[in-house]
Amino acid sequence: QVYLVESGGGLVQAGGSLRLSCVVSAPVFSFNAMGWYRQAAGKQRELVARITRGGIKSYADSVKGRITISRDNAKNTVYLQMNSLKPEDRAVYCCNADDASNYWGQGTQVTVSS
């Protein structure tokens with residue numbers, strides 16, 4: 001079984017920054033890709049950012065230029081650096097490990113006040 005544990009969420013004012021971390025119980029480079037998803041209240045879950053095993057990064061249009069995904073293979077950790085946060089970024093952010101099986105963390109709440 002693979003476990004993912006997110007941390008770093010919290011309350012921040014609009015324009016502020018947060019860095020989310022996702023610690024994985026297996027080597028992060030062993031998965032096809034690692035991703036960060038978010039789900040706001042009453043909305044569907046959406047992909048925020050993704051990094052493939054080869055290091056190719058992709059982002060949702062709504063966060064391009066403000067959010068950066070990265071990973072530290074030595075620490076089995078994936079990060080999501082979020083800058084210039086907006087109230088519409090408020091959501092539960094979950095980490096995903098994409099493989100033959102899909103693995104999810106429990107999520108961390110991000111709240112942005114206006």
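**Before you start**

The model is predicted, so local features need pLDDT of at least 70 and side-chain atom pairs count only at pLDDT 80 or more, while totals for chains, interfaces and linings use all residues. Residues are numbered from 1 along each chain as its sequence is written, and side-chain values use heavy atoms, with hydrogens and water left out.

**The whole chain**

Along its principal axes, the C-alpha trace spans about 40 × 25 × 25 Å.

Switch to a surface next: the accessible surface of the protein chain comes to about 6000 Å², and 47% of it belongs to carbon and sulfur atoms, the areas coming from the Shrake-Rupley method with a 1.4 Å probe, and for residues only the protein chains shown count as cover. Of the 114 residues, 41% are buried, where buried means under 20% relative accessible area, exposed over 50%, and partly exposed in between (1.4 Å probe, protein chains only).

**An open sheet**

Now select β1, β3, β8 and β7, which in this order form an open sheet of 4 strands with antiparallel pairing; two strands pair if DSSP finds at least two bridges between them. β1 (4-7) and β7 (67-72) stand at the edges with a single partner strand each, so one side of each is left without a neighbour in the sheet. Neighbouring strands of this sheet are turned by 15° against each other on average, direction ignored, with axes as lines fitted to C-alpha atoms, for helices over the stretch in contact, and angles running from 0 to 180 degrees between N-to-C directions.

Zoom in on β1 and strand β3 (residues 18-24), which run antiparallel and are joined by 4 bridges. Ser7 has Ser21 in β3 as its bridge partner, and Ser21 is buried, with a relative accessible area of 14%. Beyond its neighbours within four places in sequence, Ser21 is in contact (heavy atoms within 4.5 Å) with Val5, Glu6, Ser7, Trp36, Thr77, Val78 and Tyr79.

**Two loop residues**

Move to Asn76, in the loop between β7 and β8 (77-82), whose phi is near 50°, a positive value in a residue other than glycine. Then select Ser84, in the loop between β8 and β9 (91-98); phi of Ser84 is near 50°, and at 40% relative accessibility this residue counts as partly exposed.

**Aromatic pairs**

Finish with the side chains of Phe, Tyr and Trp: a search of the whole structure finds 2 aromatic pairs, where rings (for Trp the six-membered ring) pair if their centres lie within 6.5 Å, and planes under 30 degrees apart count as stacked, over 60 as edge-to-face and the rest as tilted.

Phe31 and Tyr103 have ring centres 6.1 Å apart and planes at 65°, so the pair is edge-to-face. Phe31 lies in the loop between β3 and β4 (33-39) and Tyr103 in strand β10 (residues 102-104), so the pair ties together parts that are 72 residues apart in sequence. Phe31 is buried at 3% relative accessibility, and Tyr103 is buried at 19%.

Tyr37 and Trp104 have ring centres 5.0 Å apart and planes at 65°, so this pair is edge-to-face. Tyr37 in strand β4 and Trp104 in strand β10 are 67 residues apart, and their pair links distant parts of the chain.
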